Amino acid sequence: MDIDGSAATVDTPVVDAPQAKVITIANQKGGVGKTTTAVSLAAALAQLPRRVLLIDLDPQGNASSGVGIRAHDTSRTVYDILLDGVPMEDVVEPTALRNLFLVPSNIDLAGAEIELVSAFNREQKLRQALAPVREDFDLILIDCPPSLGLLTVNALTAADGVLVPIQCEYYALEGLGALHHNAELIRSNLNPGLDLTGYVLTMYDGRTRLSDQVMHEVVEYFGERVFHTRIPRSVRLAEAPSYGQPITVFDPGSRGSVAYHRLARELVERLDHAEQAAGQGADPT
């Protein structure tokens, strides 16, 4: 039986179903809008519509509460998948938003970094768990903790691409070298298909010289890898998690909601272009 509850059809011809693209949202620097981007982007993609799975890989569980699922609302989390081998389809939770599903997290995951150290094939746990459900979704987004530990390594090993939020503040590029180094190590040793999907500028305030300076610096440094969409600094974006709703539901007409809908369309276009280029044997960059 599929995740949507429909039974398999008898005598249906076997065909290769499309595999969901897996995008890890990572930046070891805290406070950059990573979880806000994971939740808001997942919701905007679900409204396109795309069938989306959001995996909360942060022990703080903020992505889970951001879509209305609290730690006490569920008996199983991503911890059970990584440490106890529980099938992912048994942990996936529907959300209040059509087409958006969640693998929740809670504080139990904080011990996973230590417990995974001695585990066999520890870097591949999430990748292996994802394999059976990739046909059930169009896109899978993974929200990482603000670190480069084993949880983030698992996310990068499982991913097709990595999306990096960068806040429009001083030290915006701080620490990105370590993230790139880890991504290159994972590409060389664990996941040769890992691609850099792009950089998203968050907390942008066009009224300030600082935001413009950071924007130009990031674009100059990373070029076409930077998404054209800028995520604005917004009180409504900050308020939405306290109501357990993505910004696209909490305030659909707000600047933040509009920006994440624009980012969702841009991401889909970028992924489609990369897939077409790969099919033609061209360099997607």
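**Close-up views of a predicted model**

**View 1. Arg187 and Glu184 sit three residues apart in helix H7 (residues 176–189), so about one helical turn separates them.** In this predicted model, their side chains meet in a salt bridge, with an N to O distance of 2.2 Å. Arg187 counts as partly exposed because its relative accessibility is 24%. Glu184, at 43% relative accessibility, is also partly exposed.

**View 2. A salt bridge joins the side chains of Arg207 and Asp205.** The N to O distance is 3.0 Å. Is Arg207 buried or exposed? Its relative accessibility is 76%, so Arg207 counts as exposed. Asp205 has a relative accessibility of 16% and therefore counts as buried.

**View 3. Asp251 and Arg236 form a salt bridge.** The closest N and O atoms of the two residues are 2.9 Å apart. This pair links distant parts of the chain, 15 residues apart: Arg236 belongs to helix H9 (residues 235–239), while Asp251 lies in the loop between helix H10 (247–250) and H11. Arg236 is partly exposed, at 33% relative accessibility. Through salt bridges that share partners, Arg236, Glu239 and Asp251 are joined into one network.

**View 4. Helix H1 (residues 34–46) crosses helix H11 (residues 255–279) at roughly 75°.** The axes of H1 and H11 come within 8 Å. Which residues make the contact? From H1 they are Thr36, Thr37, Ser40, Leu41, Ala44 and Leu45, and from H11 they are Tyr260, His261, Leu263, Ala264, Leu267 and Val268. Sorted by class, this contact of H1 with H11 has eight nonpolar residues, four polar residues and no charged ones.

**View 5. The largest nonpolar core has 53 residues.** Within this core, Leu53, Ile55, Met88 and Leu130 touch the most other members. Helix H6 (residues 150–158) supplies the largest share of the core, six residues. Leaving aside neighbours within four places in sequence, Leu130 is in contact with Val22, Ile55, Met88, Ile140, Ile142 and Ala158. Another core, of 35 residues, lies apart from the largest one, and its members include Ala44, Val52, Leu54 and Ile69. In soluble globular proteins, nonpolar side chains tend to be buried together.

**View 6. Helix H6 is mostly covered.** How many of its nine residues are buried? The count is nine of nine. Among them are Leu150, Val153, Leu156 and Ala158, as well as Thr152, Asn154 and Thr157.

Definitions and conventions. Residues numbered from 1 in each chain as written. Predicted model: local features only at pLDDT ≥ 70, side-chain atom pairs only at ≥ 80, totals over all residues. Heavy atoms only, no water. Axes fitted to C-alpha atoms, helices over the stretch in contact; angles between N-to-C directions. Helix = DSSP H or I, 4+ residues; strand = E, 2+ residues; numbered from the N terminus. Contact = heavy atoms within 4.5 Å. Nonpolar A, V, L, I, M, F, W, Y, C, P; charged D, E, K, R; others polar. Core = buried A, V, L, I, M, F, W, Y, C linked by side-chain atoms within 4.5 Å. Buried < 20%, exposed > 50% of the residue type's maximum accessible area, 1.4 Å probe, protein only. Salt bridge = Lys/Arg side-chain N within 4 Å of Asp/Glu carboxyl O.
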